[in-house]
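Here is a short note to read with the structure open. Take the points in order and find each place as you go.

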Amino acid sequence: MNDEIIVSDSELIEPAVTHADVRRSEWLMIIAEAWRMRRTKIGVAIFGGIVLLAVIGPWIAPYSPTEFVAPPYSAPAPTAMWLGSDYIGHDVLTRVLYGGRTVILLALAATVIGLGLGVTLGLITGYARRWIDESVMRILDVVLAFPQIVLTLLFVSVLGPRLWLIVLMVGISHAPRIARVARAATLEVAQRDFVRAAEAFGVPRRKILFNEILPSITSPLLVEFGLRLTYSIGLIAALSFLGFGMQPPAADWGLMINENRLGIVIQPWPVFVPVLLIGILTIATNLIADGLGRALIGIERDTGVG
Amino acid sequence: MPPLLKLILIRIGLGILTLFLVSVVVFAATQALPGDTARAILGKEAANVARYEALREQLGLNQPVAQQYVSWLGGVVVGDFGNSLVQKEPVTQLLARRVANSFVLVAIAALLSIPLSLLLGSITALRRDGKFDISVSIGSLSLAALPEFVTGIILILLFATQVFTWLPAVSHVDPTVPIFEQLDLFILPAITLTLAVAPYITRILRASTIEVLESEYVMMARLKGLPERLVLNRHAVPNALAPAIQVTALNLAWLAGGVVVVEFLFAFPGIGSLLVDSVANRDMPMVQAICLIIAAVYVLANLTADILTILVSPRLRTGLR
């Protein structure tokens, strides 16, 4: 973006608003650009379909998720039990219809926490520099040294398998990666005239960070959100699969895989269907993230930024 | 001091600092335990105050936290992680066999995924936007999104249970039999790890190779009229070496974490499945040891890669003179 040209006349009167408006519309441009790509449309369609399934599932489910309807590992029977029964005799189709909500909601929550934390740290380190930057980045390096699932398990081993804990830890483990992106974007924006102008006007630092800089770095954060959501879904589902997420008798896709994996030879459906749905869901969110990423690169190239 | 050496020493210093902070995190995490280790060991018997106090004394829990940390770290440095709370044996002894198994698994996965991603990454970059590039791009985009257990279960359904029954679905590695006689048990877990890590690395490598190919020095070499083979060998490859090294480190670091879910899925007796069991049993000394090992692999892999990068990348080497 040609900041100097856009900002120079108006900044003396109202430095921030004009510029922020220009940058604010950029993420809309990126969504519009991404939407023109087929991969984004496919991703949104699949994602929407699975979310819809998870939302209306409980209403169309034939049984209760905790009702015993047949002997364990019964084979599928058309009209009565399309996907058969699970290790304990629940209806598999019913539990599939119920089991998507938790995965999606917990993953969204973890992503939002990670984004909030990472963006705050990125803004502060990118703007403050010097020792604050150095020391925060060192601490983030330490968090980065633990693979995300290992960091989560370390704290689960101490505090036990609690949902708030795994959501929080997945969020925290996202933070350094998001912070790096936010920091890089902030470093670039912090040099711009409109930030300099705000500094000269004596705008408080917190306001500069959140009112001036943050609106200007939403585009890369949009891409980050899609990417981290993909990993959140995988991590949250994996933690339930390992037995540390949702606990029985809850209906949850990750938990279903754990519960029924020993019967995979006799009755594959209670494992295969949740696996398939989790897999398709992550592919869909990754397609959306990729579309947004490509749109971002394309727009930056066109406007000569980056 | 030569600037190159100084750069390397600073990097080593930072690596050691990170390792130290990692050990603080691992130790501090267990301090958040409601109750303490003595209570965890004794369980209901903790109501017996005399026994509880005696065990606290024996474990050194009456000392200040800082002192406990120092003596714990002192043990860790010489390979003493204390005793497992569940099996009552030294953690190091219980870990040895598991570490060896995981090491072989990660080595096989690395030997499969590194050449595969180097090959796919460079071919797709050279034949950019061709048919092969597009199909690899779609395939890797989808595979990179899949959690490891999804890939693993699909492989189990395909090759071990429902469709074919060529390979074992469960990897019960027998500690009394040499590993090379039971390599079939490593195939599915290794392929699962490869399919999870290779697409991701391929994508990074493709991007960095394209960046090198579009760079000014490669363009300059082309404009000078050098034959394409020389352009690639003399100008493109040396500059693409750095990303290749970084990729290898990334790969190893990723595999160190990937083993957790994959080993659990295949009931493979390595440190990953042991971590899951130990977390379920709240066997803190074991959890601490495994978390430290995995984080150390990550830090050391990155450290080695950074040093090698400093040594091989022409820009860094000459820029310092």
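How many helices and strands are there in chain B? Keep that in mind for the first point.

1. **Chain B overall.** Chain B has 13 helices and zero strands. Its elements, from the N terminus on, run α-α-α-α-α-α-α-α-α-α-α-α-α. Please remember that this is a predicted model. Along the principal axes, the C-alpha trace of chain B spans about 85 × 60 × 35 Å. The chain has 321 residues, and 38% of them are buried. Now look at its contacts with a separation of 6 or more: 70% join residues 24 or more positions apart.

2. **Chain A overall.** Chain A also comes to 13 helices and zero strands. Its pattern along the sequence is α-α-α-α-α-α-α-α-α-α-α-α-α. The C-alpha atoms of chain A fill a box of roughly 75 × 45 × 25 Å, taken along the principal axes. Of the 306 residues in chain A, 52% are buried. Among contacts in chain A with a separation of 6 or more, 71% are between residues 24 or more positions apart.

3. Lys41(A) lies in helix H3 (residues 38-60) of chain A. Is Lys41(A) buried or partly exposed? It has 15 other C-beta atoms within 10 Å, so Lys41(A) is partly exposed.

4. **A helix pair in chain B.** Find helix H1 (residues 3-31) and helix H12 (residues 284-312) of chain B. Their axes come within 10 Å and cross at roughly 165 degrees. Angles over 145 degrees count as roughly antiparallel, so H1(B) and H12(B) are roughly antiparallel to each other. The crossing of H1(B) past H12(B) is right-handed. On the H1(B) side, the residues that meet H12(B) include Leu4(B), Ile8(B), Gly15(B), Leu19(B) and Val26(B). On the H12(B) side, they include Gln288(B), Cys291(B), Ala295(B), Val299(B) and Ile310(B). By class, this contact of H1(B) with H12(B) has 16 nonpolar, five polar and two charged residues.

5. Helix H7 (residues 148-159) of chain A packs with helix H11 (residues 271-281) of chain B. Their axes are 8 Å apart, at an angle of about 25 degrees. Angles under 35 degrees count as roughly parallel, so H7(A) and H11(B) are roughly parallel to each other. H7(A) brings Leu153(A), Val156(A) and Ser157(A) to the contact, while H11(B) brings Leu275(B), Ser278(B) and Val279(B). The contact of H7(A) with H11(B) has four nonpolar, two polar and no charged residues.

6. **The whole interface.** How many residues of chain B are in contact with chain A? There are 41, and they touch 36 residues of chain A. On the chain B side, H1, helix H6 (131-145), helix H7 (148-159), H10, H11 and H12 each supply at least two residues. The residues on this side of chain B divide into 33 nonpolar, seven polar and one charged.

7. **The core.** The largest nonpolar core has 166 residues. Which of them touch the most other members? They are Ile213(A), Ile236(A) and Cys291(B). Helix H10 (residues 228-266) of chain B gives the largest share of this core, 18 residues. Look at Ile213(A) in detail. Leaving out residues up to four places away in sequence, Ile213(A) touches Leu123(A), Tyr127(A), Thr186(A), Val189(A), Ala190(A), Val195(A) and Ile208(A).

8. **Backbone points to check.** The peptide bond from Pro248(A) to Pro249(A) is cis, with omega near 5 degrees. Pro249(A) is in the loop between helix H11 (218-242) and helix H12 (253-260) of chain A. In chain B, Ala267(B) has a positive phi near 50 degrees and is not a glycine. Ala267(B) sits in the loop between H10 and H11. It is partly exposed, with 14 other C-beta atoms within 10 Å. Arg282(B) also has a positive phi, about 55 degrees, without being a glycine. Its place is the loop between H11 and H12 of chain B. Arg282(B) counts as partly exposed, with 18 C-beta neighbours inside 10 Å.

Note on methods. Residues are numbered from 1 along each chain as its sequence is written. Chains are lettered from A and ligands numbered from 1 in the order in which they are written. This is a predicted model: local features need pLDDT of at least 70, side-chain atom pairs count only at pLDDT 80 or more; totals for chains, interfaces and linings use all residues. Axes are lines fitted to C-alpha atoms, for helices over the stretch in contact, and angles run from 0 to 180 degrees between N-to-C directions. Helices (H or I, at least four residues) and strands (E, at least two) are DSSP runs, numbered from the N terminus. Angles under 35 degrees count as roughly parallel, over 145 as roughly antiparallel, 65 to 115 as roughly perpendicular and the rest as oblique. A crossing is left-handed if the near helix is turned anticlockwise from the far one by less than a right angle, and right-handed if clockwise. Two residues are in contact if their C-beta atoms, placed from the backbone, lie within 7 Å. Ala, Val, Leu, Ile, Met, Phe, Trp, Tyr, Cys and Pro count as nonpolar, Asp, Glu, Lys and Arg as charged, and the others, Gly among them, as polar. A nonpolar core is a set of buried Ala, Val, Leu, Ile, Met, Phe, Trp, Tyr and Cys residues joined through C-beta atoms within 7 Å. A residue is buried if 20 or more other C-beta atoms lie within 10 Å of its own, exposed if 12 or fewer, and partly exposed in between; C-beta atoms are placed from the backbone.
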